[in-house]
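User: I'd like to go through the salt bridges and the cavities in this one. Can you put it up and start with the terms?

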Amino acid sequence: MKRITIAIDGFSSCGKSTMAKDLAREIGYVYIDTGAMYRTVALYALRQGLIVDGQIDEAALRSQMDRIGITFRLNEETGRPDTFLNGNCVEGEIRSMEVSRHVSRVAALGFVREAMVEQQRRMGQEKGVVLDGRDIGTVVFPDAEMKVFVTASAAIRAQRRFDELTAKGETCDYDEILRNVEERDRIDTTREIAPLRQAPDAVVLDNSHMTIEGQKEWLMRLYQQRAAE
């Protein structure tokens, strides 16, 4: 089978990262967590006090983009890559509700997207990669041989996010998470630069009522078809 580029796009909290990581491990590909990259920029901005009352100091963030070094390292215990900011692991922090509240607005900034897309293209230029995000199949790798667009109802996505945070011991409110999911959908689909949309040649995966195993089997079948073409 030939080595291909796999682009998995879709709405927030659809489990894109989990399915992309599992698929990459199963087929021996490199996984690039593009969503984690934007979350890391948001975390950096929060740490530096560049987000106050929901407002981003765009000029300051733009001037500091070259200070944001994002890398991925395989976690031997989990078998999955962890995200590092300037050499420090931030995998747990970037998944917090605080980062979730601001990441869509940070990701909508043109200079942020430009910097992240450039990094993503460099990482994936040799093929044999799996990437997930909002614009992988439409902007980053429009020629990807396999494109998947993942969706699920907002209520189900909010419940999944609630369960994930609760399992980590975080105190959270389901209604707040649902509002966050719906707001992120609005921002992601209406932003001027690279809005979330389904690529014409993407295959839709509605996983509202699918099991993890069902998803894995569905993705593996599609991969085998695309890699054999």
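Analyst: A salt bridge here is a side-chain nitrogen of Lys or Arg within 4 Å of a carboxyl oxygen of Asp or Glu. This is a predicted model, where local features need pLDDT of at least 70 and side-chain atom pairs count only at pLDDT 80 or more, while totals for chains, interfaces and linings use all residues. Residues are numbered from 1 along each chain as its sequence is written, and side-chain values use heavy atoms, with hydrogens and water left out.

User: How many salt bridges by this rule?

Analyst: The count is 19.

User: What does E213 pair with?

Analyst: E213 forms a salt bridge with K216, with the closest N and O atoms 3.8 Å apart. Both lie in helix 9, three residues apart, about one turn of the helix; helices are DSSP runs of H or I of at least four residues, strands are E runs of at least two, and both are numbered from the N terminus.

User: Which residues are linked with them in a network?

Analyst: The salt-bridge network links D22, R25, E213 and K216.

User: And what about D188?

Analyst: D188 forms a salt bridge with R134, the closest N and O atoms being 2.8 Å apart. D188 lies in helix 8 (residues 174-190) and R134 in the loop between strand 8 (129-133) and helix 6 (136-140), so the pair ties together parts that are 54 residues apart in sequence. D188 counts as buried at 2% relative accessibility, and R134 counts as buried at 13%.

User: Switching to cavities. How many are there of 30 Å³ or more?

Analyst: Two. A cavity is a set of points, on a 1 Å grid over the protein atoms alone, where a 1.4 Å probe fits but cannot get out; lining residues have an atom within 4 Å of a point. Points are joined across faces, edges and corners, and a volume is the space filled by probe spheres set on the points.

User: What is the volume of the largest, and which strand gives the most to the lining?

Analyst: The volume is about 40 Å³. Strand 9 gives the most to the lining, with three residues.

Methods: On a 1 Å grid over the protein atoms alone, a cavity is a set of points where a 1.4 Å probe fits but cannot get out, and a pocket is an open set with protein on both sides within 12 Å along at least five of seven lines; lining residues have an atom within 4 Å of a point. Buried means under 20% relative accessible area, exposed over 50%, partly exposed in between (1.4 Å probe, protein chains only).
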